[in-house]
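Subject: Structure handover

Hello,

Here is the structure we talked about, for you to open alongside this message. My notes follow directly below it.

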Amino acid sequence: MAKKAGPSQTSDTVQAEVAARRQAERWLAAIVESSDDAIIGKSLDGFITSWNAAATRIFGYEAEEIIGKPISFLAWPGEEARIDSFLELLRQGQRINHFEVARKHKNGKKIIVSLSLSPIVDADGGIIGIAKIARDITERKASEATLTANQAQLQTLTESEAQARAEALAERKFRDLIENAPDAILQVDAAGLIVIANRTAEKMFGYSREELMSNSVDILIPEAGRARHPEHRKAFASAGKTRPMGQGLDLFARRKDGTQFPVEISLSPVKSEHGVYVTAVVRDITERKETEMRVRTLQESYMAELETRQKEAERLNQLKSEFMASISHELRTPLHTIIGFAELLEEDADGILNEKQKRFLHHIHKDSDHLLGLINDVLDLSRIEAGGLNLRTEPVSLQTVVSEAVNAIRPYAVSRSVTVDEGDGLPVTVMADPMRLRQILNNLLSNAVKFTAAEGQVSLDAAQDGGFVTVSVSDTGVGIAPLECSRIFEKFYQVGVTPIGVREGTGLGLAICRQLVEMHGGKIGVESEIGKGSRFYFTLPTL
Amino acid sequence: MNNTASTDPGGIRGGLHPIILIADDTQSSRELLRSILEAGGYGVIEAEDGEQAIEMAFASDPDLIILDLHMPKLDGRDVAAQLRRAVKFQKTPIIALTAAVSESMPEQIAQAGFTDYLAKPIGPARLREFIARLLKSTQAVMS
């Protein structure tokens, strides 16, 4: 429509403007029409206002048919709600880009489109409509689906092929395992015919696989055992548990060349559609049997050797005892006369012998006694060690034996000016050999007196502790160094020097005491301090 | 040296000292024993072996017999056994004096018929004391 021309405007200019505007409109329209994508104009309440050629192509409707219809006309069932929410968003000025939705073609088919929606804004900023661009992506979607399906199929194929290959590999490995097992593996069918035989079986029995297959398993059994084998097989097939064959029996197998060899067989049943098959694993135990035989022979010879040695040891022990007995007799006899005559001389000495002679006699007497002590100690110790000394234990009153021992040592103590204190005494009964108990006490007491200087004291003490009583002999003597305390009970071990500077005794007394105490089931020990004195103690079981 | 034989059957000769028969194959042992016993006031007759011991026992009728166990011809045990068979020596104290002491000795000694035994070496004093005691108890039994 031409405007009212003003004084500054010519009708040419106006006409040119209008023509230009029309040109621009036609240009835009051409662009819209030539687009591949559907370009649809909508009103704010969702009615279709413009429709391009592509829209016709995609949706099947001509412009005249669809313009003025609501957009929900095109909706695929179920999509209506989304359309409404989109409209709302657009009214608020938002854009929707590349949204994939389902629409309905005029012919009823489902099409998938990618939508881009934008609000149409006028010069004042107000939203006056909605522009929609829809791209038909149905084919694309279909292709994608096909591609996915193909991929899946390929995957499945690849997987099943991999599986097949793995299975084949496993089977080969398994077959190799059976083939090369160190033992022969055979499988026998219900009729006793061989259906499986591994390489080891070929080597073990000397047959080729062809010779083994479908042959009766009886060819592998020595003639002697063949008769009963079928019934054994039947019994096994029906009972059917995996087990070693012929337990406790020596089994033999037969080679092609007729030779036999010892075997160990384990059997297991295998159910198949043709009945129960039996798998047998056969081990050639020739070597093992040989080794067993060798071991047995060795063992027997060792046992024989052991017996011989034991007998010899016993014989030697016996000889030793006999020797000990005769030696004891031989040594004592002359000593008896030596001591006897010396004592007799001493008895008659007064008036007949001078002081020097009396003194000589005294030395002879003393040393003879010493010799006797030594002989007795050595004999005692050797008897104890040979196990030939028996204790005659009986209930003994400790107090009584202690008193006796103290009385016996008193003369010696008096001669050394050493006092002996018997202590309070414990009215307890112990299980002991009275003679040996006296021997122990005597030994400890004489040691105590011997190693105590004049004016010193030896005292006894007895204390009960549970099923044992501890007897202590204490002295105020020279004492024993810690190093020597641990060795003092050893044979022939003699400690330092006595106060009178002479080594006395045999060095066996304490060794014998220890043996005797331990034979009674007790323990012996010593506590001491140099210069202060010593306490020897031993335990005995009470009644 | 007193080898007085007596026909006084089985007893202490009232007034006269007791006679002791000793038997040992070793001369020094015999001399020692004789000295010890004579010092104690006893009469002593000696035998050198078992056979002689039996002869002299029957001949002299001793009040006490001391035998060494190990002797040739007849040892102490056999002597004791034989003597015990005679009625004469049923009550006579017979002592074994020996250097060989074993664990089984006491039983063997008793079985052979000995009254008791003494182990060599033994001092004179102890020996005399032992014999005195033994004779006193025998005397008591006799009367």
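A:E144 is partly exposed, with a relative accessible area of 36%. Bear in mind throughout that this is a predicted model. A:E144 forms a salt bridge with A:K141, and the closest N and O atoms are 3.7 Å apart. That falls inside the 4 Å limit for a salt bridge. A:K141 is also partly exposed, at 26% relative accessibility. Both residues sit in helix α5 (residues 138–180) of chain A. They are three residues apart, about one turn of the helix.

Now the other salt bridges. Over all chains, the structure holds 38 of them. Some details:

- A:R57 and A:D36 pair through their side chains at 3.4 Å, N to O. This pair links distant parts of the chain, 21 residues apart. A:R57 is in helix α2 (residues 53–59) of chain A, and A:D36 is in the loop between α1 (11–34) and β1 (38–42) of chain A. A:D36 is exposed, with a relative accessible area of 54%.
- A:K289 and A:D250 form a salt bridge, with the closest N and O atoms 2.8 Å apart. A:K289 lies in helix α10 of chain A and A:D250 in the loop between β8 (243–244) and β9 (251–254) of chain A, so the pair ties together parts that are 39 residues apart in sequence. A:K289 is partly exposed, at a relative accessible area of 28%. A:D250 is exposed, at 55%.
- In chain B, salt bridges link B:R30, B:R34, B:E38, B:E46 and B:E48 in a network.

Next, the interface. How many residues of chain A are in contact with chain B? The count is 20 residues of chain A against 21 residues of chain B. The two chains bury about 1,700 Å² between them. Of that area, 62% is on carbon and sulfur atoms. In chain A, the residues that lose the most area to chain B are A:H329, A:H336 and A:L344. Together they make up 34% of what that side buries.

The rule finds one salt bridge across this interface. B:R128 and A:E347 meet there through their side chains, at 2.7 Å from N to O. On the side of chain A that touches chain B, the elements giving two or more residues are α10 (286–348) and α11 (355–385) of chain A. α10(A) gives the most, with 13 residues. By class, that side of chain A has six nonpolar, eight polar and six charged residues.

On to the overall build of chain A. Its secondary structure comes to 15 helices and 18 strands. Of its 543 residues, 34% count as buried. Take the contacts in chain A between residues at least 6 apart in sequence: 54% of these join residues at least 24 apart.

Then the cores. The largest nonpolar core has 46 residues. Which of its members touch the most others? They are A:L437, A:L441 and A:F538. Leaving aside neighbours within four places in sequence, A:L437 is in contact with A:V396, A:L398, A:V401, A:V430, A:A432, A:F538 and A:L540. Another core, of 25 residues, lies apart from the largest one. Its members include A:I83, A:I96, A:V101 and A:L117.

Two single residues are also worth a look.

A:T200 is found in helix α6 (residues 199–205) of chain A. Is A:T200 buried or exposed? A:T200 counts as buried because its relative accessibility is 12%, and the cut-off for buried is under 20%. Beyond its neighbours within four places in sequence, A:T200 is in contact with A:E179, A:N180, A:A181, A:P182, A:D183 and A:A184.

A:I221 sits in the loop between α7 (209–212) and α8 (223–226) of chain A. A:I221 is buried, with a relative accessible area of 15%. Leaving aside neighbours within four places in sequence, A:I221 is in contact with A:R226, A:H229 and A:R254. A:I221 and A:Q260 are 39 residues apart in sequence, and their C-alpha atoms are 8.8 Å apart in space.

Over to you.

Best wishes

Terms used:
Residues are numbered from 1 along each chain as its sequence is written. Chains are lettered from A and ligands numbered from 1 in the order in which they are written. This is a predicted model: local features need pLDDT of at least 70, side-chain atom pairs count only at pLDDT 80 or more; totals for chains, interfaces and linings use all residues. Side-chain values use heavy atoms; hydrogens and water are left out. Contact means heavy atoms within 4.5 Å. Buried area is the accessible area (1.4 Å probe) that two parts lose on being put together, summed over both. Helices (H or I, at least four residues) and strands (E, at least two) are DSSP runs, numbered from the N terminus. Ala, Val, Leu, Ile, Met, Phe, Trp, Tyr, Cys and Pro count as nonpolar, Asp, Glu, Lys and Arg as charged, and the others, Gly among them, as polar. A nonpolar core is a set of buried Ala, Val, Leu, Ile, Met, Phe, Trp, Tyr and Cys residues joined through side-chain atoms within 4.5 Å. Buried means under 20% relative accessible area, exposed over 50%, partly exposed in between (1.4 Å probe, protein chains only).
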